[in-house]
Amino acid sequence: MVTLRSLRLLLLPLLLIAIHSPPRALAARKAASKVLVGGWKPIKDISDPHVQEIAEFAVSEHNKLANTNLTLSKVVKGETQVVAGINYRLVVETKDGEAMANYVAVVWEKTWEGFRNLTSFTPVGS
């Protein structure tokens, strides 16, 4: 049977640890608790060959689905999201003849399965 005295003896060390935790450690714990699991994270190197490959795939798939003839000019920016694989959300600059346009392309990739899927391809601002 747990008595009030034995309960106090169990809780006292925890209370002392909480009271004497350095403020920096508490701040770090608070910041860590605010990180979104599955949240979008910026791609540091958009010139990475794999990112370029994903962008080429997105434009090529869009061309097949929409019967267009866009070409990739460059990747403007990008983010990744860990899901059952990785989602890539890229802002790509495209050319259609002389006309330039930016699109947001989302590609879902599972590298271990050799799987890629164009989830969306929308004009910037839509």
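Trainee: In which sense do strand 1 and strand 2 pair, and over how many bridges?

Mentor: This is a predicted model. In it, strand 1, residues 41–42, pairs with strand 2 in the antiparallel sense, over two bridges.

Trainee: Which residue in strand 2 stands opposite Lys41?

Mentor: Thr80 in strand 2 stands opposite Lys41.

Trainee: And how many bridges join strand 2 to strand 3?

Mentor: Eleven bridges join them, and the two strands run antiparallel. Strand 2 and strand 3 form a hairpin, with one residue between them.

Trainee: What is the bridge partner of Val83 in strand 3?

Mentor: The partner of Val83 is Gly85.

Trainee: Let us turn to the core. Which residues touch the most other members of the largest nonpolar core?

Mentor: That core has 18 residues, and Leu90, Val92, Leu118 and Phe121 touch the most other members. The elements that give two or more residues to the core are helix 3 (49–66), strand 2 (71–83), strand 3 (85–96), strand 4 (99–110) and strand 5 (115–123).

Trainee: Which element gives the largest share of this core?

Mentor: Helix 3 does, with six residues.

Trainee: What is Val92 in contact with, leaving aside its neighbours within four places in sequence?

Mentor: Its contacts are Ala55, Val59, Leu72, Lys74, Val75, Val76, Ala101, Asn102, Tyr103 and Phe121. Phe121, like Val92, was among the core residues that touch the most other members.

Trainee: What does Lys110 touch, not counting residues up to four places away in sequence?

Mentor: Lys110 touches Ala84, Gly85 and Phe115. Gly85 is also the bridge partner of Val83.

Trainee: What about Glu113: is it buried or exposed?

Mentor: Glu113 is exposed, with a relative accessible area of 51%. Glu113 is found in the loop between strand 4 and strand 5.

Trainee: How many residues apart in sequence are Glu113 and Gly85?

Mentor: They are 28 residues apart in sequence, and 9.5 Å apart in space, C-alpha to C-alpha.

Trainee: One last residue. Where is the place of Asn67?

Mentor: Asn67 is in the loop between helix 3 and strand 2. At 72% relative accessibility, Asn67 counts as exposed.

Trainee: And what is the phi of Asn67?

Mentor: The phi of Asn67 is near 55°, which is a positive value in a residue other than glycine.

How values were computed
Residues are numbered from 1 along each chain as its sequence is written. This is a predicted model: local features need pLDDT of at least 70, side-chain atom pairs count only at pLDDT 80 or more; totals for chains, interfaces and linings use all residues. Side-chain values use heavy atoms; hydrogens and water are left out. A nonpolar core is a set of buried Ala, Val, Leu, Ile, Met, Phe, Trp, Tyr and Cys residues joined through side-chain atoms within 4.5 Å. Buried means under 20% relative accessible area, exposed over 50%, partly exposed in between (1.4 Å probe, protein chains only). Helices (H or I, at least four residues) and strands (E, at least two) are DSSP runs, numbered from the N terminus. Contact means heavy atoms within 4.5 Å. Two strands pair if DSSP finds at least two bridges between them.
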